[in-house]
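Have the structure open while you read.

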Amino acid sequence: MPFDSTRLSTQEKQAHHQFPMLITPNMAACNHAPDDAIARQFRPDAQELQSPNHYEKDPLQEAASSPMPGLVHKYQGRALLHLTDACPVHCRYCFRRHGAVTSPKDHATETALLTYLEQDTSLKELILSGGDPLMLPLHQWQWWMQRLSTLAHIERIRIHSRVPIADPARITQPLLDALTETKKTVIMVMHCNHSQELTQASKAAIRECREQGFLLLNQSVLLAGVNDTTEALANLSLDLIGLGVMPYYLHLLDAVEGAAHFEVDEQQAATLMRSLHQQLPGYALPKLVRERPNLPGKEPIQWF
């Protein structure tokens, strides 16, 4: 959605220049106040220009785990395919906002990527990410799913996407058909941080994904000024459960340059989790985690 940068302060314009604001009409319609949960996530902020020294451009060191464009291979049995750099929105806290990992740009690179996946038979699960993989045109989705389906050792395909929330009009029946042209288990991991993001269009798209038979999970990032209250997190979990989506992860912020003003410290996060534990049934309680380089998986944060 076009954005009028003339309304920004000089420092906000500088932040906008470094990482351009991008928001869809569906998400913009959720914005009800100048500093609400939506504005905080997508409006450039002067605080982005002030990062502590330990905030980095590639905080998870993904570039070191990317042997070729389009691939991040960090965890045993799983590989992440960075299929596109495009996103429907630019989240100001995005850990890939500086472009440390790139997507495949030509057929030769795609072929090399598929050869890598075919030869590494230890892989059981592929995580399709980006950018946002659901930004790919339909014919590219059909191409990728047809080829990934031929990899006999792959059991599961996991799709990480903000599209059902941010740009639900992209969830069409032809796209859903393309995603299910496989005998693999398909898991859809959505990214929603606040109930305010769940428009009627988003809810309809989520129901369509559920009717298609996907296992639906959600992961959120704990963000100061967005969802760092018991009420906001509890409402989000219960709204997701009502849509048939399992709250999966609540991430502590990745220390990416430009996002320090979103940080919620571990002690406050633990306090929030204890409060949520008192209010929510166990199946509605997300796992509090942090991702760090060189670990074999997400790091659970002990809060009890």
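Start with the lining of the largest pocket: its residues split into 22 nonpolar, 13 polar and 12 charged. Keep in mind that this is a predicted model.

**The largest pocket**

- In volume, the largest pocket comes to about 1,100 Å³.
- A total of 47 residues line the largest pocket, and F95, R96, S129, G130 and G131 are the ones that lie nearest its centre.
- Strands show up again and again here: β2 (78–84), β3 (125–130), β4 (156–161), β5 (185–191), β6 (215–221) and β7 (246–251) are the elements that give two or more residues to the lining of the largest pocket.
- Which element gives the most to that lining? That's β2, with four residues.

- Rolling a probe the size of a water molecule over the atoms shows where empty space is left.
- The elements that give two or more residues to the lining of the largest cavity are β6, α9 and β7.
- By class, the lining of the largest cavity has nine nonpolar and three polar residues, with no charged ones.

**Helices α9 and α10**

- Two packed helices are described by the angle between their axes and the distance between the axes.
- For α9 (residues 230–242) and α10 (residues 266–279), the axes come within 10 Å and cross at roughly 50°.
- The two helices are therefore oblique to each other, and α9 passes α10 in a right-handed crossing.
- On the α9 side, T230, L233 and A234 make the contact, while α10 brings in L272, S275, L276 and Q279.
- Sorted by class, the contact of α9 with α10 has four nonpolar residues, three polar and no charged ones.

**Helices α4 and α5**

- Here the axes of α4 (residues 107–119) and α5 (residues 138–148) come within 11 Å, crossing at roughly 30°.
- The crossing of α4 and α5 is right-handed.
- From α4, the contact uses H107, E110, L113, L114 and L117; from α5, it uses Q140, W143, W144, R147 and L148.
- The residues of the α4 and α5 contact divide into six nonpolar, two polar and two charged.

Conventions:
Residues numbered from 1 in each chain as written. Predicted model: local features only at pLDDT ≥ 70, side-chain atom pairs only at ≥ 80, totals over all residues. Heavy atoms only, no water. Axes fitted to C-alpha atoms, helices over the stretch in contact; angles between N-to-C directions. Parallel < 35°, antiparallel > 145°, perpendicular 65-115°, else oblique. Left-handed = near helix turned anticlockwise from the far one by under 90°. Contact = heavy atoms within 4.5 Å. Nonpolar A, V, L, I, M, F, W, Y, C, P; charged D, E, K, R; others polar. 1 Å grid on protein atoms, 1.4 Å probe; cavity = no way out; pocket = protein on both sides within 12 Å on 5 of 7 lines; lining within 4 Å. Points joined across faces, edges and corners; volume = space filled by probe spheres on them.
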